[in-house]
Amino acid sequence: MSFDAKLNEFLSKHPMSASLTPSEVGTLLEYLEESSFKSNQVIAEIGEVGEALYFVVDGEAALYHDDAGREVEVGRMKEGELMGEMSFFDRVPRAVRMRALKNGTRVLKLTRSMYDRLRVERPYIAVNLLEFAIISLDHLIRRVSEDVATFNRYFYAPGKK
């Protein structure tokens, strides 16, 4: 199977593409760039305004917060997950560093200029992407909420005064 065919298959099976035709999936692929990263290589840096968002195709990426010069892992993004959408849409500088965890970590990257073209040229596909970004953010909020609740149960254990 060719490289392009593998990417097309990846996108076709992706939840974001559930309501897209095979032709629309192929069209979306035309707006995306494939990038590959080595283990520990930075994908996106803290402080940058998000000029792209990323779909993890192969491998895994970690999200790190800078705590006075010490990297603290705050999340992991696995195959099929979207990352970078917060800064991409709100244009606020990134609060975390995205770093590949494995050699050959591959992502599909949608740059701002290509997203702007997609919105004009293929609005139906852009709406599907936007809906998936909203779902992705919802999952992130839920994971963070569960982590905070677990921390609070641990820190403020019942029965302690």
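Visitor: Does L130 count as buried, partly exposed or exposed, and what is its relative accessibility?
Guide: In this predicted model, L130 lies in helix 5, which covers residues 123–155. Buried means under 20% relative accessible area and exposed means over 50%, with partly exposed in between. L130 therefore counts as partly exposed, its relative accessibility being 34%.

Visitor: Which residues make a nonpolar surface patch with L130?
Guide: The patch has an area of about 250 Å².

Visitor: Is K38 buried or exposed?
Guide: K38 sits in the loop that runs between strand 1 (33–37) and strand 2 (42–44). Its relative accessibility is 59%. The cut-off for exposed is over 50%, so K38 counts as exposed.

Visitor: Which residues is K38 in contact with, leaving aside its neighbours within four places in sequence?
Guide: The C-alpha atoms of K38 and R99 are separated by 9.2 Å, while the two residues are 61 residues apart along the chain. The contacts of K38, with those neighbours left aside, are A100, K102, N103 and G104.

Visitor: Which strands are the edge strands of the open sheet of four strands?
Guide: The sheet has the order 1-8-3-6, and its pairing is antiparallel. An edge strand pairs on one side only.

Visitor: What is the bridge partner of L53 in strand 8?
Guide: Strand 3 (residues 52–58) and strand 8 (residues 105–111) run antiparallel and are joined by six bridges. In strand 8, the partner of L53 is L110.

Key:
Residues are numbered from 1 along each chain as its sequence is written. This is a predicted model: local features need pLDDT of at least 70, side-chain atom pairs count only at pLDDT 80 or more; totals for chains, interfaces and linings use all residues. Side-chain values use heavy atoms; hydrogens and water are left out. Patches are made of residues with over 30% relative accessible area and no salt bridge: like charges are joined within 9 Å, nonpolar side chains (Val, Leu, Ile, Met, Phe, Trp, Tyr) within 5 Å. Accessible areas come from the Shrake-Rupley method with a 1.4 Å probe; for residues, only the protein chains shown count as cover. A salt bridge is a side-chain nitrogen of Lys or Arg within 4 Å of a carboxyl oxygen of Asp or Glu. Helices (H or I, at least four residues) and strands (E, at least two) are DSSP runs, numbered from the N terminus. Buried means under 20% relative accessible area, exposed over 50%, partly exposed in between (1.4 Å probe, protein chains only). Contact means heavy atoms within 4.5 Å. Two strands pair if DSSP finds at least two bridges between them.
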